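The questions below go through a model with several chains.

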Amino acid sequence: MDHIRHRRPLGVGALTIGLSLAIAGGAVAQDAAPSFEAAPGALTLVAYTTPREAYEELIPLFQATPEGQGVTFEESYGPSGDQSRAVSAGLAADVLALALWPDVERLVEAGIVAPDWDENEYGGIIHDSVAVFAVRPGNPKGILTWEDLTREDVVVITPNPITSGGAQWNILAAYQAQILAGKTEEEAIDFLTRLASRVAVWDRGARDALTTFANGQGDVLIAYENEALFARDAGVPLDVVVPDATILIENSLAPTLIGDAPVQGQAFVDFLYTPDAQRVYARHHFRPVLPEVLAEFDFYQPPQLFTVADLGGWPEARPRFFDPNTGIMAQIFQTLGIGS
Amino acid sequence: MTAATTSAAATGARPVESTARRRRAARLGVRSIVLLYLLLLLVLPVAMVFVRAFEGGIEPFLKAMARPSFQSAFWLTIQIACITIPVTTVMGVITALAIVRRRFPGRWLLNALVDLPFALSPVVIGLSLFLVYGVNSPLGGWLQSMGITVIFAMPGMVLATIFVCLPFVIREVIPVLREIGTDQEEAAYTLGASPWRTFWRVTLPAIRWGIMYGVILTTARALGEYGAVAIVSGKLSGKTETLTTHVEERYLAFDLVGAYTASIVLGLLALVVLLGMQLLQSGRLRRRGPRTSDTPGSAGSRLGTTSPAPDGAATPGGT
Amino acid sequence: MTSAVDARPDHRSGVLGSYDGRGFMGPGLAALYLGLIVLIPITALIWQSVSGGLDSFLTAVTRPQAFAAITLTFLMSLGVVLINAVMGTLIAWVLVRDDFPGKRLVNSLIDLPFALPTIVTGLTLLTLYGPRSPFGINVAYAPAAIILALLFVTLPFVVRSVQPVLLELDRDMEEAAASLGAGPGTVVRRIILPNLVPAILTGGALAFARCIGEFGSVVLISGNIPFRTEVASVYIMGQVEADQPGEAAAVSLVLLVTSLVLLVTFDLVRRRVSHHEEPA
């Protein structure tokens, strides 16, 4: 190639190209960058965002146990639904900690999670929470019950249940509370419609909703207890009201079948069910699943606490309420949309 | 239009003094409006971020930068930019040359495709890649079976960034290529220079400012892209989080200092980019720079006199 | 200053074929590049939105929430482009015809929105005009917030397309007209405006296309309230996160087609208005 001989007037443009290529070469070799292939022997934890601070405390604790000695960790946190989709798309994972059952269950079909993942002593649940109302300090609007949320003078914030898996707990709680109060299904759906008409902001996710509320929107945020308390710890001025009838939020944990560190993964899962680990969750405002640990902490037990099983379980409740086209919430949105 | 009306607010019949005074008043008025607008829209908000970020001193700022998730986001952002810039530059010049210098069927389509990323929402770009490379698509599924993950991983993020950055170099180089015409290339060619030599000695020096301007715009966009990357990356903290999605994540975790820290790092990078743009603009003005004058009568020096800078307004003498 | 004259049509390059010799840098590479990066994904997007038939496409885009988001997006974009047309021209005017200390700094500042990442823009505006605003101005979660964000990100378009035209505009002509007794209105209408309109339209069209698709700067500050402050791009993002790529693709197609149609129309109008614009 004769052009090699004529390199003198290369020009700044060519220099730029060369330089950026060189930088590219250097940067790819940069080891501080995240790796997409898990390091050999590293345990990859794929979790939803909320318990992040708890895991930052739990991982060193685990590494201090005989089983955890020498285990290195790779962590990734994100919205539960995104994490679930990422894992099904090939994100390496040894242990999954996700916000709700369907996000784990959908990985069973792809062979990523064992079909019996939810059949341990705790049903695959690692910690609980309850749906609560976060209100302004001193509860100036006197919001105590679900019925209060539909008052004309109350502005509600909740994430969009169609887009946010976590928000689905809120809607199920509101609905079932009506059923427990003796309403018919029709009346309960009507209640959801009135509730939805009071919602000022349907955020995409639970965290967005919390931020919206923290930024001064609305009188009440329907939130997980742990999220509301987390925000309070972070300096957001709010009070937490636990309604008498509310849903027990159950967060899932499962080892995967595709991990690089199956033994360590299982050991980590076992560790997370120990009283010590459960106490860490509790300090981060999650309700422990071990009854003896739960008793050590001062969590208010609402008299009418129900679970998703009371609504027929996720396989039944999810399409019924949250199918984006035919679900109850989609219909309510449609009604309100036409109305406005 | 108001500006024009007011600043020229004088009729020939009026005495000259009054005309001048009125012109000055109008000029001052328009100037104040413009400066106030820019102050409120641009300057104050950006300044406020610095105020808020350093309210607690420099220590929280440094602590936020030491967070592993910040570190991984930072390096991932740099990596993506370093892959994107060479690809869009080299391929951009090739494409610009093809569009300007060649006649072939479908040339109009290429020309139209180049502008498409400008006309598209970053979210739409992200979605389109998601549809092609997601595991549910045939291509994505096949790649998956070959062990290549695109969506929620690095390849998808790079593709998205290249997509949004694709037009910059091409659109900067095309007008320059048109401007310089083919005389010089033709001359070099007929004098026996090989196409390669013609490119290195005639074409490239002529278009280098255009290329560099395009590279600078590409850099800014590659470092700062959010929407497209957010969709294809899934924003997984510690894995696929870039600096921009890190800003959002920290903001949502009530860690405002963390969000401001990442913002300021991005802002400083943007500042470097701005400075680069300025330097290039004045570089373009140095018409008889040493580099162009050592090739007498070359396309390079011709370029200097007629360069259609996208921002030709930077010419200080023009006012 | 002679660019319009100098820009010669490149019909001669066909004869020349500088790079034909080796097939090097041929259109093939360019086609491959654009095909892989742009064409295939966009085809997939269009395919996804029409593969369910026209009915499902129409259902998806006329869904009240989707329709409201699209309408809001267009209204906001239109408003922002109008403000830009006025303010952008004013800014360009000041930068070209006025002179004051620090003008060069102001001039470089105009490019800031291009350099600053959109998410940072959003956070920035939220800091000053959000709930913790030191001025007590809180537009967060209101439609005004969207306008603000869009004004920020589209600021350079009109300015940067009007500026060079103003620079090249021959002032002798204006002065000649004025000395011949033309009033300022006439000078503006007959001499300045006809020269600026194509540039304003170009800048406006680019700004509009940008507005329609803007996401990063809007997402934090708009509050994502369906029917009120949810713009189309945020709606699309929501649908992707809800595992509804079909719905997202349909709305995306609407955005894609509209901005393409608008850009082409603007371009045609610009060419018609323009007297000395070079052929593209």
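This is a predicted model: local features need pLDDT of at least 70, side-chain atom pairs count only at pLDDT 80 or more; totals for chains, interfaces and linings use all residues.

Q: Which residues of H8(C) meet H12(B)?
A: Two residues are in contact if their C-beta atoms, placed from the backbone, lie within 7 Å. The contact of H12(B) with H8(C) divides into five nonpolar, one polar and one charged residue, where Ala, Val, Leu, Ile, Met, Phe, Trp, Tyr, Cys and Pro count as nonpolar, Asp, Glu, Lys and Arg as charged, and the others, Gly among them, as polar. From H12(B) come Thr244(B), Val247(B), Glu248(B) and Tyr251(B), and they meet Ile119(C), Val120(C) and Leu123(C).

Q: Which helix gives the most to the side of chain C that touches chain B?
A: The contact takes 99 residues from chain C and 98 residues from chain B. The chain C side divides into 64 nonpolar, 24 polar and eleven charged residues. With 15 residues, the helix that gives the most to this side is H3 (residues 27-50) of chain C.

Q: How many residues does the largest nonpolar core have?
A: A nonpolar core is a set of buried Ala, Val, Leu, Ile, Met, Phe, Trp, Tyr and Cys residues joined through C-beta atoms within 7 Å. A residue is buried if 20 or more other C-beta atoms lie within 10 Å of its own, exposed if 12 or fewer, and partly exposed in between, with C-beta atoms placed from the backbone. Leu127(B), Phe163(B) and Val251(C) have the most contacts inside the largest core, whose size is 298 residues.

Q: Which helix gives the most to this core?
A: One of the residues with the most contacts inside the core is Val251(C), which touches Ala60(C), Val61(C), Ala66(C), Ile70(C), Ala232(C), Tyr235(C) and Ile236(C), not counting residues up to four places away in sequence. The largest core has 298 residues. The helix that gives the most, with 19 residues, is H4 (residues 68-101) of chain B.

Q: How many residues does domain 2 of chain B give to the contact with domain 1 of chain B?
A: Domain bounds come from an automatic or database domain assignment, which divides chain B into domain 1 (2-53) and domain 2 (59-309). Domain 1 gives five residues to the contact, and domain 2 gives eight.

Q: How far apart are the C-alpha centres of the two domains of chain A?
A: Chain A is divided into domain 1 (43-127 + 250-296) and domain 2 (129-249 + 301-339). In the contact, 16 residues of domain 1 meet 15 residues of domain 2. The C-alpha centres lie apart by 26 Å.

Q: What is the bridge partner of Asp128(A) in E10(A)?
A: Strand E4 (residues 125-135) of chain A has ten of its eleven residues buried. Two strands pair if DSSP finds at least two bridges between them; E4(A) runs antiparallel to strand E9 (residues 245-255) of chain A with five bridges, and to strand E10 (residues 287-288) of chain A with two. In E9(A), Asp128(A) is partnered by Glu250(A). In E10(A), its bridge partner is Arg287(A).

Q: How many residues does chain C give to the contact with chain A?
A: Helix H3 (80-88), strand E6 (199-203) and helix H13 (328-339) of chain A each give two or more residues to the side that touches chain C. That side divides into seven nonpolar, ten polar and three charged residues. Chain A gives 20 residues, and chain C gives 16.

Notes. Residues are numbered from 1 along each chain as its sequence is written. Chains are lettered from A and ligands numbered from 1 in the order in which they are written. Helices (H or I, at least four residues) and strands (E, at least two) are DSSP runs, numbered from the N terminus.
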